[in-house]
Amino acid sequence: MKAELKPLIFLFGAICILISLIHIAVGPSAIPGSIPVNATMDSEDRFYATLFGGFGAAVIWCSQDLAKRGGPLFFLLIVFFAGGISRGISAWQVGLPNSFFQFLWALELLLPPLFWWWYNKAYASGEPLNG
């Protein structure tokens with residue numbers, strides 16, 4: 001289980017960095033269904049994209065030694081889950097986003113508990129620490 005979890009956590013972080021870089025490079029037009037925005041909203045999107053890139057880098061850092069970095073990984077998974085809750089607040093106040101973002105919303109609510117369950121199963125199982 002450890003051997004499978006490590007590359008998935010790494011991939012999770014790498015995808016976050018890739019999304020971040022796309023937003024930094026092209027701005028809010030990277031968002032499916034977006035409309036042209038003013039300079040303030042463009043600046044805000046690229047700023048938050050940079051933070052999301054840092055989030056991805058931290059996830060990758062955790063993936064390099066899951067046995068010792070479970071605490072930081074748990075915190076990062078909580079942050080990602082909170083992002084899904086934020087999408088729920090948006091849906092409640094403004095309405096549902098397009099179907100792609102509803103899919104992302106589901107991932108944000110499902111991946112953190114799945115990864116944490118998997119982590120606990122792998123690292124509490126007594127498997128050798130080779131993953």
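In the predicted model described here, helix 1 passes helix 2 in a left-handed crossing, a crossing being left-handed if the near helix is turned anticlockwise from the far one by less than a right angle, and right-handed if clockwise. The model is a prediction in which local features need pLDDT of at least 70 and side-chain atom pairs count only at pLDDT 80 or more, whereas totals for chains, interfaces and linings use all residues. Residues are numbered from 1 along each chain as its sequence is written, and side-chain values use heavy atoms, with hydrogens and water left out.

The protein contains four helices and zero strands, in the order α-α-α-α from the N terminus on; helices (H or I, at least four residues) and strands (E, at least two) are DSSP runs, numbered from the N terminus. The C-alpha trace spans about 55 × 30 × 20 Å along its principal axes.

The axes of helix 1 and helix 2 cross at roughly 160° and come within 8 Å, where axes are lines fitted to C-alpha atoms, for helices over the stretch in contact, and angles run from 0 to 180 degrees between N-to-C directions. Helix 1 is therefore roughly antiparallel to helix 2 (angles under 35 degrees count as roughly parallel, over 145 as roughly antiparallel, 65 to 115 as roughly perpendicular and the rest as oblique). The contact of helix 1 with helix 2 comprises 16 nonpolar, seven polar and three charged residues, with Ala, Val, Leu, Ile, Met, Phe, Trp, Tyr, Cys and Pro counted as nonpolar, Asp, Glu, Lys and Arg as charged, and the others, Gly among them, as polar.

Helix 1 (residues 2-26) also packs with helix 4 (residues 99-123), at an angle of about 150° and with the axes 10 Å apart, which makes helix 1 roughly antiparallel to helix 4. The crossing of these two helices is left-handed.

The contact of helix 3 with helix 4 has 17 nonpolar, four polar and two charged residues.

The largest pocket has a volume of about 1500 Å³, a volume being the space filled by probe spheres set on grid points joined across faces, edges and corners. On a 1 Å grid over the protein atoms alone, a cavity is a set of points where a 1.4 Å probe fits but cannot get out, and a pocket is an open set with protein on both sides within 12 Å along at least five of seven lines, lining residues having an atom within 4 Å of a point. Of the 44 lining residues of the largest pocket, Ile 19, Phe 52, Arg 87, Phe 101 and Glu 108 lie nearest its centre.
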